[in-house]
Amino acid sequence: MRRADRLFQLLQLIRGRRLSTAAWLAERMAVSVRTVYRDVAALQAQGVPIEGEAGVGYRVARDYSLPPLMFTPEQAQALVASVRIARSRLDPALAAQAEDALSKILSVLPLGSRAAADSLPLHAPARPHDTIVLDRLGQLRRAIEARRLVHLDYADAEGKPSRRTLRPLVCLYWESAWTLSAWCELRQDFRQFRLDRIQQLAIDEQTFADEAGKTLADLLRRIKLPTSA
């Protein structure tokens, strides 16, 4: 491994933990503890704000971030691939932000990395989802962020209609469909709703607060999410 790559890997490992000992870093990188000491000193000499000392452990300030110039050509390709695949599956507002963020990253990459990213032979279908579904996704995403109740008219797999008031918790993508996982006030339990089966959707001005047994954490603790609504 080149020394520059080793220094980059070392910094990434330190950034990923609250405190990293030299022994742990040496084991993860398959180098000697002395090499870790020397590399940490080299990073500090370059202005990287690594705190700590030998025998205690190292950490990096939480607000420290690496410039995108550090991305390898393969990492740049991975970013392009992620955005190309995701943009047709996101609501328009979020898709546009993803495109803008990628453009900013690519604009400051070295020429070789930028060329590798631009020439990536991987594309995704333009719009696999109905525009109405993607619009609902945007509305629900904002409702989840604002913690607002939602009201919807829904038709299940057999076409049976129902009206629900929900605490929206998370939207999940299942390749062929987006679903909303929520706490259902009618059923007093967690339920999932396919976005393409929502007939009408309204976002309430009323917000909700966490209650024991009704939160996203409670939902995720279940082995399997409820499949019927």
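Which residues does isoleucine 50 touch, not counting residues up to four places away in sequence? They are Ile14, Val40, Leu43, Gln44, Tyr58, Arg59 and Val60. Contact here means heavy atoms within 4.5 Å.

This is a predicted model, in which local features need pLDDT of at least 70, side-chain atom pairs count only at pLDDT 80 or more, and totals for chains, interfaces and linings use all residues. Residues are numbered from 1 along each chain as its sequence is written, and side-chain values use heavy atoms, with hydrogens and water left out.

Stay with isoleucine 50. Isoleucine 50 lies in strand E1 (residues 50-53). Helices (H or I, at least four residues) and strands (E, at least two) are DSSP runs, numbered from the N terminus. Isoleucine 50 has a relative accessible area of 8%, so it is buried. Buried means under 20% relative accessible area, exposed over 50%, and partly exposed in between, using a 1.4 Å probe and protein chains only. Leucine 11 is 39 residues away along the chain, yet the two C-alpha atoms are separated by 8.7 Å.

Now turn to helix H2 (residues 22-29). Its buried residues are Ala22, Leu25, Ala26 and Met29. They fall within an arc of 100 degrees seen down the helix axis, so they line one face of H2. The arc is that of the directions from the helix axis to the C-beta atoms. An α-helix has 3.6 residues a turn, so residues three or four places apart point the same way. The cover over the buried residues of H2 includes helix H1 (3-15), helix H3 (33-45) and strand E2 (57-60). Just after H2, alanine 30 takes a positive phi of about 60 degrees.

Next, the nonpolar cores. Such a core is a set of buried Ala, Val, Leu, Ile, Met, Phe, Trp, Tyr and Cys residues joined through side-chain atoms within 4.5 Å. The largest has 18 residues, of which Leu140, Leu152, Leu166, Leu180, Leu195 and Ile198 touch the most other members. At least two residues each come from helix H7 (131-146) and from strands E3 (148-155), E4 (161-173), E5 (178-184) and E7 (198-207). H7 gives the largest share, five residues. A second, separate core of 17 residues includes Leu7, Leu11, Leu43 and Ile50.

Last, the cysteines. A disulfide is a pair of cysteine sulfur atoms within 2.5 Å. By this rule there are zero disulfides. Cysteine 171 is in none; its nearest cysteine sulfur, that of cysteine 184, is 16 Å away. That is too far for a bond. Cysteine 171 is buried at 19% relative accessible area, and cysteine 184 is buried at 0%.
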